[in-house]
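Dear colleague,

I am handing over the structure below, and I would be glad if you kept it open while you read the notes that follow it.

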Amino acid sequence: ERFESLVARHSGIIHKVAFAYAWSAEDRADLAQEIRIRLWQAFPNYDSQRSFSTWMYRVALNIALTFVHRKPQQMLSVNEDL
């Protein structure tokens, strides 16, 4: 419940990062979902003495950067199959 409450309160961070790093609506939805999954997985390591929004932003940004680097490789592999 705590995780859901914190993510809901700061959900704008996920949307802002997804819109900044993904270009299509489908990619934005995929990235936002990936961010939520990774936040859930990383939540046990969150230090509650620190700002949740800052931690959430850093996790989201790292996921977005990985997404951007991985995306061109996926596009190349799809094009190679054609």
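Phe43 and Tyr46 are both buried (buried means under 20% relative accessible area, exposed over 50% and partly exposed in between, with a 1.4 Å probe and protein chains only). The ring centres of Tyr46 and Phe52 lie 5.3 Å apart with the planes at 90 degrees, so this pair is edge-to-face, and Phe52 is buried as well. Rings of Phe, Tyr and Trp (its six-membered ring) pair if their centres lie within 6.5 Å, with planes under 30 degrees apart counted as stacked, over 60 as edge-to-face and the rest as tilted. Ring pairs join Phe3, Trp40, Phe43, Tyr46, Phe52 and Trp55 into a cluster.

Please remember that this is a predicted model, in which local features need pLDDT of at least 70 and side-chain atom pairs count only at pLDDT 80 or more, while totals for chains, interfaces and linings use all residues. Residues are numbered from 1 along each chain as its sequence is written, and side-chain values use heavy atoms, leaving out hydrogens and water.

Phe3 also belongs to helix H1 (residues 2-9), where Phe3, Leu6 and Val7 are buried; helices (H or I, at least four residues) and strands (E, at least two) are DSSP runs, numbered from the N terminus.
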